[in-house]
Amino acid sequence: MKILIVEDELRTADYLSKGLTEQGCTVDMAHNGIDGQHLALTHDYDVIVLDVMLPGQDGFSVLRELRAVKQTPVIMLTARDRVEDRIKGLHEGADDYLIKPFSFLELLARLQALNRRGRKQEPMQLRIADLQIDLLARKASRAGTRIDLTAKEFALLAVLARRQGEILSKTAIAELVWDMNFDSNTNVVEVAIKRLRDKIDLPFGTRLLHTIRGMGYVMEVREEREVREVRDVREVRDAPGEGPAT
Ligand code: CA
């Protein structure tokens, strides 16, 4: 589980971060509303733990900005004597709340419940043109032909396919697929993209995984624009002289 903790009380934030990391979660922290909002909008978290009383920008404001674009599950942390805060939070789109002080185990149980709920809403089958992806069985096929993928190749395909039509930078892909920052070594992403392309696109004629020069990669069905992309695509391909797909 990838979790964002937005909490200005450093001791609480550190305690939560330590506990969740021990549980195998990946944790990012922000100690004010502005940083919290920035992280929440620019990264994909499974759940966000959001304190109400924050310097800079309060939790409600962060939640409102987030809900305008994303449905990441949010647990709000509220003070015991602020019943109206809980109601307000739920109205603004919070998924759950905890009253301070709370037990770590209760927070963990609620995070797990929200994470499960979030995953259930996700479609288990994705389809892009004749490419079919079964996220539950972790299988992919194109034009009825089964495609054998390694675990990482499947994870990469799922990340791109879930966000079809959306350009993903190498850094974003590195973070989503490998769960780490590859700023200095985005070559790992290039190599993985090439391998995936060789399996899902090359044998089938029509390209679905496109390179956007200087920006990243996008998975989508294209028609007229195909020719324009050929030059860019070639640059990351190892096989020179490879013509455009028809
Ligand atoms: Ca606070």
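Figure 1. Strand β6 (residues 125-128) runs antiparallel to β7, and four bridges join the two. Strands count as paired if DSSP finds at least two bridges between them; helices (H or I, at least four residues) and strands (E, at least two) are DSSP runs, numbered from the N terminus. The model is predicted: local features need pLDDT of at least 70, side-chain atom pairs count only at pLDDT 80 or more, and totals for chains, interfaces and linings use all residues. Residues are numbered from 1 along each chain as its sequence is written. Opposite Arg127 stands Gln132 in β7. Two residues lie between β6 and β7 in their hairpin, and Ala129 in this turn has a positive phi of about 50°. Strand β8 (residues 139-142) pairs with β7 in the antiparallel sense over four bridges, with Leu131 opposite Arg142.

Figure 2. A residue is buried if 20 or more other C-beta atoms lie within 10 Å of its own, exposed if 12 or fewer, and partly exposed in between, with C-beta atoms placed from the backbone.

**Figure 3. Five strands form an open parallel sheet.** The strand order is β2-β1-β3-β4-β5, and the pairing is parallel. Strands β2 (26-30) and β5 (96-100) are the edges, each pairing on one side only. On average, neighbouring strands of this sheet are turned by 20° against each other, direction ignored. Four bridges connect β3 and β4 in the parallel sense, and Ile48 has Val74 in β4 as its bridge partner. Helix α3 lies across β1, β3 and β4, running at about 150° to β3. Axes are lines fitted to C-alpha atoms, for helices over the stretch in contact, and angles run from 0 to 180 degrees between N-to-C directions.

**Figure 4. The largest nonpolar core has 27 residues.** Such a core is a set of buried Ala, Val, Leu, Ile, Met, Phe, Trp, Tyr and Cys residues joined through C-beta atoms within 7 Å. Ile3, Val6, Ile48, Val49 and Leu50 touch the most other members. Two or more residues come from each of β1 (2-6), α1 (10-22), β3 (47-51), α3 (59-67), β4 (74-79) and α5 (104-120). Another core, of 21 residues, lies apart from this one and has Ile133, Leu168, Val177 and Tyr217 among its members.

**Figure 5. Helices α6 and α8 pack against each other.** The axes of α6 (residues 151-162) and α8 (residues 187-200) are 10 Å apart, at an angle of about 85°. The two helices are therefore roughly perpendicular, a term for angles of 65 to 115 degrees, while those under 35 count as roughly parallel, those over 145 as roughly antiparallel and the rest as oblique. Lys152, Glu153, Leu156 and Leu157 in α6 meet Ala192, Arg195, Leu196, Lys199 and Ile200 in α8; residues are in contact if their C-beta atoms, placed from the backbone, lie within 7 Å.

Figure 6. Lys70, in the loop between α3 and β4, counts as partly exposed because it has 13 C-beta neighbours inside 10 Å. His210, in strand β10 (residues 209-212), is buried, with 20 other C-beta atoms within 10 Å.

Technical notes
Contact = placed C-beta atoms within 7 Å.
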